[in-house]
Amino acid sequence: EVLKNLNKFYKRKEIQRLGTENGLDARLFHQAFISFRKYIMESSSVSADLHIILNDICCGAGKCHVDDLFPFFLRHAKQIFPMLDCMDDLRKISDLRLPPNWYPEARAIQRKIIFHAGPTNSGKTYHAIQRFLSAKSGIYCGPLKLLAHEIFQKSNAANVPCDLVTGEERVYANEDARQASHIACTIEMCSTNTPYEVAVIDEIQMIRDPARGWAWTRALLGLSAEEIHVCGEAAAIDLVTELMYTTGEEVEVRNYERLTPLTVLDYALESLDNLRPGDCIVCFSKNDIYSVSRQVEARGLECAVIYGSLPPGTKLEQAKKFNDPDDPCKILVATDAIGMGLNLCIKRIIFNSIVKPTINEKGEKEIDLITTSQALQIAGRAGRYGSSFKQGEVTTMHRDDLAQLKEILSEPVRPVKAAGLHPTAEQIEMFAYHLPDATLSNLIDIFVSLSQVDGLYFVCNIDDFKFLADMIQHIPLNLRSRYVFCTAPLNRKEPFVCTTLLKFARQFSRNEPLTFDWLCRHTKWPLAPPKNIKELVHLEAVHDVFDLYLWLSYRFMDMFPDAALVRSIQKKLDDIIQIGVCNITKLIRASQSSAAPGASEVVPEDFPLSRTKRDSRVFSDHRGVKSPEPLSVALEVPGERRARSLKAYRSSVRQEDLKSHGRGSLANRLLREGLLTQEMLRQLESEWQDQHRSGRYGLASKRDDQSSSKETGKKKK
């Protein structure tokens, strides 16, 4: 009887409306009710006044009604959601509807906004940089350390003293460490308090990035410069214009055309035997990089390799090797990391695949066709102005992908609709003042749930922040230090780096400095050149650990005192990794030969382990490419997919490849745990393909049997 009345209470519209008025949205109202119901039904005793009300309601005594439970429900809700008592204050703190007002220095001046819009290789950034160099003072804000470093070098070579500022490094142009009038920095590191004559914001379309978009928003709204030169895709013009309308500033648009022609070929490569000097094969996973590079070198061709997790120094060395006309290396195998930050002499871009794993705005992994923006960014690297190739070409590895690539490239780039925002340390501190017992992860959750943004903005994905907050929650740190540790730039899929951050935080909490000797012991420095892929991946993780130390050293100098020593061994590690990358084919062979039957794979779990149908054709004999089996072992979906339209293709790719991706990960995990051998996996794959071809699916048959029996039953009735 009590349960029946409680459920009646929950369903009443008046009660839900009262809950909303008291700060309980639909989600919180539901959670509070579940807790309230559990408290009443499972407690050995409840308060006397609540007991009397429940008794009267159940017995129908007097004028009692289920609505009389609301004061008790609200009291319980405030116990489990303490923020309900200070909801008005919290809503004001998390009100993100007027970001321009956060930057009073920028609002105090009338800025001139100039948008340099154009495709890759159109000279848009060049013109903005020329204005930067001619100014009395300036700041360049780029998305990558490589880009900031390039502007730093160009500026000083042009006799314009320029400092370099990244999260891990400060390099002064002046010997006495005085700040120069010009600064080249990664965009997260730009100062909104320092006045400049000219500011350059590169790759403005990244303002929509689910993880980093907030940094572009902050720079665009907050830089205190007389002229703001914005460079990027034309797709961002409307959003930038609207954002500047809210600040009372006009936008001047300068459009640029590509400086060299780019041709989409009418034929696919189809075989690596057809490679020519100046070719770049673009892959979207490390496994593809390893497999393709091995196949290239098996044909007696030397190739350079570039992918995202390589240290910047190694990327530059590989680019230098590929660009050198006297070097025998004439082929490049790379991920989309070449899309920004590297000047490469590429004649022809060859897409090994046109599907790519991505992270959506909710932080979920998806496998989908590359976007028009991504395709143009990568294809545009061919035929760079000023290189030895006066014309660029683009094609695919597989014939069936070529029509889809042409369709993708011919589509207009989707307009950038919204700019990213991220809660600041000050906002979280104000939340903590009102909710002293909440964890940092909970504070972030509450902030995001209460935050209000208008249509021009969105709150960036904070899953990485929350992951680190939960990981170090048990370590006693003050809130500001905890916040800084949680904003550290690391890949949470690298266990060694995450473990190191945990050790850093633990020792930091004990007020024990993290010394050079401690770091050397932890990383087992000095390290030898890698003998296989697994060791190369570990060296990359160690490089990331050194980056993490340097990043923290600029925020807690006393606790991370040996930045200079760490930077010196990081340069040595760069050279060691470079040796490994140069011998990557030997490392792949060593990895495969050392894996005994039934042993675990050498490729880390976070690599994309399954192949799409189109990717798998790289290794198929019927395409004329005789190649060794790829490192990853995944259950592939057999047969050919024929999509009639781009929309239908996108849908089918997403559904099928998500399934195959999951199978690859499971296969790898079972192999690692010794529950499955390579022979068993091959047998399973063969059986699965046989079933697929014959149309016999166990599950489908079972469902068919069940449905037919139901139909029979209906007929009998």
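## A walk through the sheet, its helices and the cores

Let's begin at helix α14, which is mostly covered, with 6 of its 8 residues buried. Here, buried means under 20% relative accessible area, exposed means over 50%, and partly exposed lies in between (1.4 Å probe, protein chains only). Helices (H or I, at least four residues) and strands (E, at least two) are DSSP runs, numbered from the N terminus.

Before going on, a word on the model: it is predicted, so local features need pLDDT of at least 70 and side-chain atom pairs count only at pLDDT 80 or more, while totals for chains, interfaces and linings use all residues. Residues are numbered from 1 along each chain as its sequence is written, and side-chain values use heavy atoms, with hydrogens and water left out.

Back in α14, the buried residues are Thr372, Ser373, Ala375, Gln377, Ile378 and Ala379. Their cover includes β9, β10, β13, β16 and α15 (399–410), where contact means heavy atoms within 4.5 Å. The helix (residues 372–379) lies across β9, β10, β13 and β16 (392–396), and runs at about 140° to β13. Such angles run from 0 to 180 degrees between N-to-C directions, with axes as lines fitted to C-alpha atoms, for helices over the stretch in contact.

Now to the sheet itself. It is open and has 6 strands in the order β9-β16-β13-β10-β12-β11, with parallel pairing; two strands pair if DSSP finds at least two bridges between them. β9 (262–264) and β11 (303–306) stand at the edges with a single partner strand each, so one side of each has no neighbour in the sheet. From one strand to the next, the twist averages 20°. Strands β10 (residues 279–282) and β13 (residues 348–351) are joined in the parallel sense by 4 bridges, and Asp279 stands opposite Arg348 in β13.

β11 pairs with β12 in the parallel sense over 4 bridges, and Ala304 has Leu332 of β12 as its bridge partner. The chain goes from β11 through α13 to β12 in a right-handed β-α-β crossover: with the strands pointing away from the viewer, the path from the first strand over the helix to the second runs clockwise. Helix α13 (residues 312–323) lies across β10, β11 and β12 (331–334), at about 150° to β11.

What about the cores? A nonpolar core is a set of buried Ala, Val, Leu, Ile, Met, Phe, Trp, Tyr and Cys residues joined through side-chain atoms within 4.5 Å. The largest has 152 residues, and Leu24, Phe485, Phe504 and Phe560 have the most contacts inside it. Helix α22 (residues 533–553) gives the most to this core, with 13 residues. A second, separate core of 30 residues includes Leu146, Ala319, Ala375 and Ile378.

Leaving aside neighbours within four places in sequence, Phe504 is in contact with several residues, among them Phe485, Trp518, Leu519 and Phe560. Trp518 and Leu519 are also among the buried residues of α21. Because 6 of the 8 residues of α21 (residues 516–523) are buried, this helix is largely enclosed by the rest of the structure. The cover over its buried residues includes α20 (495–509), α22 and α23 (563–582). Just after α21, Lys524 takes a positive phi of about 60°.

Our last stop is His434, in helix α16 (residues 425–434). Its relative accessibility of 25% makes His434 partly exposed. His434 and Pro82 are 352 residues apart in sequence and 8.8 Å apart in space, C-alpha to C-alpha.
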